[in-house]
Each structure stands twice: as structure tokens, then as C-alpha cells.
Amino acid sequence: MSTSRSSASDAAEAEAWLPLLMLWLSPAFPVGAFAYSHGLEWAVEAGDVADRGSLEAWLADLIAFGAPRADAILFASAFRAAGDSDWPALIETNALAVALAPTAERRLETTAQGAAFVAAARGAWDCAPLRRLAEEERIAYPVAVAACAAGHGLPPGASLAAFLVALVGNLVSAVVRLGPIGQSDGQAVLAALLPALRTLAREARQTTLADLGGCAFRSDIAAMRHETQYSRLFRS
């Protein structure tokens, strides 16, 4: 009987917070995520990403060594700070997240989405962490989403996992639109990467800002090269 009540309680709680994550991380939420490819547009033109296998390998490296890993650590730090109403720590995390962007387009990618997320979320789901972030000149996207989730009492693990899935899902969508793979292959790539995303979400919750670091040089070069790419669909 006790187990049954506990399961019912968990289900009711999930019913309350799951729709929020689905809304905030939906392609329909007005952050303009569809406009960014994280340098993948250049990688496609250069031939680095040409099919399902090469895209999966590229994204697996990003999850292990690149920006998604850094974003996960920053998300976890911002979530803790916002949950504790530790505004200096939240602002420090945000400033570091902006500073870590290795190129102008990557900085635009995170700050444009961050500012758009805060503006849209405050219109319907305002909370103290969002109000504090709104005072900043630039807002990193993972920090914005984490602050909102913490401000509304959402579970940290599920929030972080949903953020990472949405982040990588947008990158896969960009490559589908560029043409090397179709939608079925895109979904197969996401299915293959899901265990790594779950692992990253779980491990990132135990990290601090001291654990930040990465080694995804080819991705960073792609972002730099994209700035002067002749024909472009995306802003990054």
C-alpha cells in the first residue's frame, strides 16, 4: 500500500513538472534555436559530417569533450545557486559561461538564446532567479534554463537531462536541414546518443565549476570557419 501511494505521488509530481520542461525546451519556445548549428554547417561543407555515422561520432565527441559537457556543468552550478537564492554564485556562473564561448558566433548562440529564454519565460513563468538574471547584460542559455527550472522547484536531474536532449536534438535537426541525412537517420542518431546524454546529466550533477574543461578543437575551428563561410543558412 505504501509503495502504491509513493508511486502515485511520483506520478502526480511528474505530471506537474514534465509539461513545463516540454514547453520550455520545445522548438516552439521562442529562443530561436533553429537558427544555430554550432559550427556544424561548416563541418558539413568540409565533409567532416557526411552521413549518420560521422554525425554520431561528431556529437559523441561533443558530449564527452565539448560544449554540451561544459553546458551541463554550468547548468548544474546555476541550478544549485538559483535553488539556494545564492545570487553572487548565479551571476558568477553566468559570467563564466559567457566568457567560455570560444568564438563570436558561439557567444551569440548562447547569449541570444539566453536572453530570449529569460524574456519569454518571465512573461508567463516569472520567478526570482529570472528577475535577477534579467539585470545582466548577457545571459548564457544553460544558466537561463537552469535558473528557471530551479526557481519553479523542478527536479535537477530531469531538468538537466531534458536540456541536454533538446540541445543535441537541435544540432541533429540542423544537419537534417542541411541535407546529409534524413529524419529517420536523425532519430537513430539521437537514440544512439541517449545513453551518453543520460550519463552526462547524472555525472554533471556531482561536479563544480572546477571540473570545467574540454578538448573539441575541430568543433571550435568549425565555429571560427563558419564566420566567413560563403553560403550560410545558420547564424553559427
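1. Let us start with Ala150, which is found in helix H8. Helices here (H or I, at least four residues) and strands (E, at least two) are DSSP runs, numbered from the N terminus. The model is a predicted one: local features need pLDDT of at least 70, side-chain atom pairs count only at pLDDT 80 or more, and totals for chains, interfaces and linings use all residues. Residues are numbered from 1 along each chain as its sequence is written, and side-chain values use heavy atoms, with hydrogens and water left out.

2. Is Ala150 buried or exposed? Ala150 is buried, because its relative accessible area is 14% and buried means under 20% relative accessible area, with exposed being over 50% and partly exposed in between (1.4 Å probe, protein chains only). Setting aside neighbours within four places in sequence, Ala150 is in contact with Phe79, Ala82 and Gly83, where contact means heavy atoms within 4.5 Å. Take Phe79: Ala150 and Phe79 are 71 residues apart in sequence, yet 5.5 Å apart in space, C-alpha to C-alpha.

3. The axes of helix H4 (residues 67-83) and helix H8 (residues 141-151) come within 8 Å and cross at roughly 35°. Axes are lines fitted to C-alpha atoms, for helices over the stretch in contact, and angles run from 0 to 180 degrees between N-to-C directions. H4 passes H8 in a right-handed crossing. A crossing is right-handed if the near helix is turned clockwise from the far one by less than a right angle, and left-handed if anticlockwise.

4. Which residues make the contact of H4 with H8? From H4 come Asp71, Phe75, Ala78, Phe79, Ala82 and Gly83, and from H8 come Pro142, Val143, Val145, Ala146, Ala147, Ala149 and Ala150. They divide into 11 nonpolar, one polar and one charged. For this count, Ala, Val, Leu, Ile, Met, Phe, Trp, Tyr, Cys and Pro are nonpolar, Asp, Glu, Lys and Arg are charged, and the others, Gly among them, are polar.

5. Gly153 lies in the loop between H8 and helix H9 (156-178). At 59% relative accessibility, Gly153 counts as exposed. Gly153 and Gly83 are 70 residues apart in sequence and 7.7 Å apart in space, C-alpha to C-alpha.

6. Now look at two residues of helix H5 (residues 87-99). Thr93 is found in this helix and is buried, with a relative accessible area of 1%. Not counting residues up to four places away in sequence, Thr93 touches Leu74, Ser77, Ala78, Val143 and Leu209. Asn94 is also in helix H5 and is buried, with a relative accessible area of 2%. With neighbours within four places left aside, Asn94 is in contact with Leu133, Glu136, Arg138, Ile139, Ala140 and Val143.

7. Ala216 sits in the loop between helix H10 (183-204) and helix H11 (217-226). What does 15% relative accessibility make Ala216, buried or exposed? Ala216 counts as buried. Beyond four places in sequence, Ala216 touches Leu62, Phe65 and Gly66. Ala216 and Leu62 are 154 residues apart in sequence and 6.6 Å apart in space, C-alpha to C-alpha.

8. Two backbone angles deserve a look. Most residues other than glycine have a negative phi. His38, which is not a glycine, has a positive phi of about 60°. His38 is in the loop between helix H1 (2-24) and helix H2 (40-46) and is buried, with a relative accessible area of 8%. Ser85 also has a positive phi, near 55°. Ser85 is placed in the loop between H4 and H5 and is partly exposed, with a relative accessible area of 44%.

9. Finally, step back to the whole protein. How many helices and strands does the protein have? The protein has 11 helices and zero strands. Its radius of gyration is 18 Å, close to the 18 Å that the globule rule gives for 236 residues, so the protein is as compact as a globular protein of that length. The radius is taken over C-alpha atoms, and the rule is 2.2 Å times the number of residues to the power 0.38. Along its principal axes the C-alpha trace spans about 55 × 45 × 35 Å.

10. Buried residues make up 45% of the 236 residues in the protein. Among contacts between residues at least 6 apart in sequence, 81% join residues at least 24 apart.
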